[in-house]
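The sequence and the structure are shown first.

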Amino acid sequence: MLEAAGKRELIVLDGLGVRLRGTYHRPADCSSESGVSRTKLNGTGVLFVNSLSLPRAASGDSAVFWADSIAGHGYPAFRIDLPGLGDSEGEASPDLLDSIGSGGLASVAAGAAKQLVEQFGLSGLVIFGHCAGAVSALFAGAACPECEGLILLDPYFHLPHFKRPKMRQQMSDWARRSKVGAVLSNGYDRARKLRLALRGSALPGNANSALLACWKQVAAAATPILLLKAPGIKAQGPKPRVGEFDYIGYVVKLAGRKSRVSVGFVESADHSFANLAGREAVDRLIAGWLAAQFPLQNGSPGKNDIALLRTGKNDSEARQSQAAPAGLGCAREGR
Amino acid sequence: MQNQFHLNGRLQELAGYFPVSGAHLYTVLHEVEKPLARVLLVGPFASERHISYLPWVRWARSLAADNIEVLRYDYRGIGESTGDFELMTFSDWSQDVRLLSAWLSDRVPHAPLVLHGLGMGALLAGRAFDAGLGDALLLWSPPANANQALRATLKRWVGLEQIFKFGPERKSASDYIRELEQGASLEVDGYRWPVKLWRDSFDFTLPAAFESEESAAATYNRPVRIVKLTREAAPLGKGGLVGHDDLKDFNWLYAPNRAWIAAAAAQISHGIAYA
């Protein structure tokens, strides 16, 4: 068996109390074989963490696709399995969602980032997470001096319940199927909107205050953050569903004037971002954002970057990234 | 004496890439010093891999802890393996099983080789066994043909898709199947299924001898166990939620199957005729 295949290399991280396994995607300009290049990388890398209990390849192998692409643009990329997930050792908590919501995976993720920075001679890492992975990435980013940036796909800032009551689930299913159900669902949304208006700008009771504190800490320190949203259930474009609290608007304001938060809406994606159109749009946005926030030391775009500009010509999401690579709805512009 | 393959109480797991024509298969060997058997795990297909990954890895670890060496892998073009999914065929995935079986059975010291598959993996393992590979066979929820496995995957994905869709936007599994049968490729959970995959799936069947354990054992004169997984086994069986059902305790499933593998290996090692 080989430890490397093409530009991919298998890695093991020890010393965190549990052995973690992952994959290193060598950057395009790094022709050296396993190990040789590790102390010479210098620049910024990208670290992917698991989305909930999914293995490090993620839905539809989307993380593999993005990591290959990011490496193709010249940035080393790492995908690791956190303890008890994927191929890593340890036991995942049976209440994984609660554990993630309280930052339970943050210290190991931060420790892994530190090790990677040391082992590969990086200046720092951008931590990438999707959904529950974005929650872990944000907690880790706040706990990790090596974190130079964050890429958050559909993060959530509340404490979700994993399983809704069966009756409520059945009602939701019915509302999605039937015309009468849709009417009632809309009425329910309007009632929630009224309740939301009465609450003013107060956070909902199930807001994750610890996570919001991490967000404030990281964003206020002017850490570059790329936050991408997919269309939500019954949402109108990037805005939340009628009656739902606008967490994205809230966190953008919370970030403050000096923050470097970029928010993008990926209309072609579903929540997994694994669908082919969605993952390609995300890929273009990330490439533009990385190039703007973490320019490569040689300063010249690689072959893949040129291809990126061409393929993005007729795509609204990619146009957004070219016109304003660092500011897809920047916090400073007031969203 | 402590097994040298235990490192500080941990079992040795060796991840690597196995070169095949035009690609590399991602493999993890759960290594055992003097195994009573070796098992090749032929896992779930495409998007099914991700939702059942944790119980599948824990199953491999539970076998290794009982002195049964395990090799698990990702299909060509899926997960950590390289290759373009859209270009892969059942023939490629069958070759993966053949090559890895050969590699595993060549390891020393010799131990009986058990092929074990789940879902589409059961189909691949069953066909490899029919071709003479392996000393014993364990099948979990084998479909009659690959089309059944694809339909199950499609239905699971459609169920998730419908959460995000309302009214006329919602498409049923039948709608998608109609599109495939009319010659359009279909994207399912991040994998584009080419029309050829769908068409070929009807003819990629489990040999008739696997209709029952008895007929399979009589035909092949080697131990065969066929288990139909219930909903309780989700996400290894039908349904299940990521981050919830995959974190359950599956020892009720692992223990009897592990015992069966050990018993089958003992029979083979002692030269006891099976049929």
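A residue is called buried if 20 or more other C-beta atoms lie within 10 Å of its own, with C-beta atoms placed from the backbone. The model discussed here is predicted.

By that criterion, six of the six residues of strand β9(A) are buried, so β9(A) is largely enclosed by the rest of the structure. In a regular strand the side chains alternate between the two faces of the sheet. Both faces of β9(A) are covered: one side carries the buried residues Arg260(A), Ser262(A) and Gly264(A), and the other carries Val261(A), Val263(A) and Phe265(A), also buried.

The sheet itself is open and consists of nine strands of chain A with mixed pairing, in the order β1-β2-β3-β5-β4-β6-β7-β8-β9. Strands β1 (4-5) and β9 (260-265) of chain A stand at its edges; each has a single partner strand, so one side of each is left without a neighbour in the sheet.

Helix α3 (residues 106-120) of chain A packs on this sheet, touching β2, β3, β4, β5, β6 and β7 of chain A. The direction of helix α3 makes about 140° with that of β6(A).

| Strand | Partner strand | Bridges | Facing residues |
|---|---|---|---|
| β4(A), residues 42-48 | β5(A), residues 77-80 | Three | Val46(A) and Ala77(A) |
| β8(A), residues 224-229 | β9(A) | Six | Leu227(A) and Val263(A) |

Finally, β8(A) and β9(A) form a right-handed β-α-β unit together with helix α8 (residues 247-255) of chain A.

Definitions and conventions: Residues are numbered from 1 along each chain as its sequence is written. Chains are lettered from A and ligands numbered from 1 in the order in which they are written. This is a predicted model: local features need pLDDT of at least 70, side-chain atom pairs count only at pLDDT 80 or more; totals for chains, interfaces and linings use all residues. Two strands pair if DSSP finds at least two bridges between them. Helices (H or I, at least four residues) and strands (E, at least two) are DSSP runs, numbered from the N terminus. Two residues are in contact if their C-beta atoms, placed from the backbone, lie within 7 Å. Axes are lines fitted to C-alpha atoms, for helices over the stretch in contact, and angles run from 0 to 180 degrees between N-to-C directions. A residue is buried if 20 or more other C-beta atoms lie within 10 Å of its own, exposed if 12 or fewer, and partly exposed in between; C-beta atoms are placed from the backbone. A crossover is right-handed if, with the strands pointing away from the viewer, the path from the first strand over the helix to the second runs clockwise.
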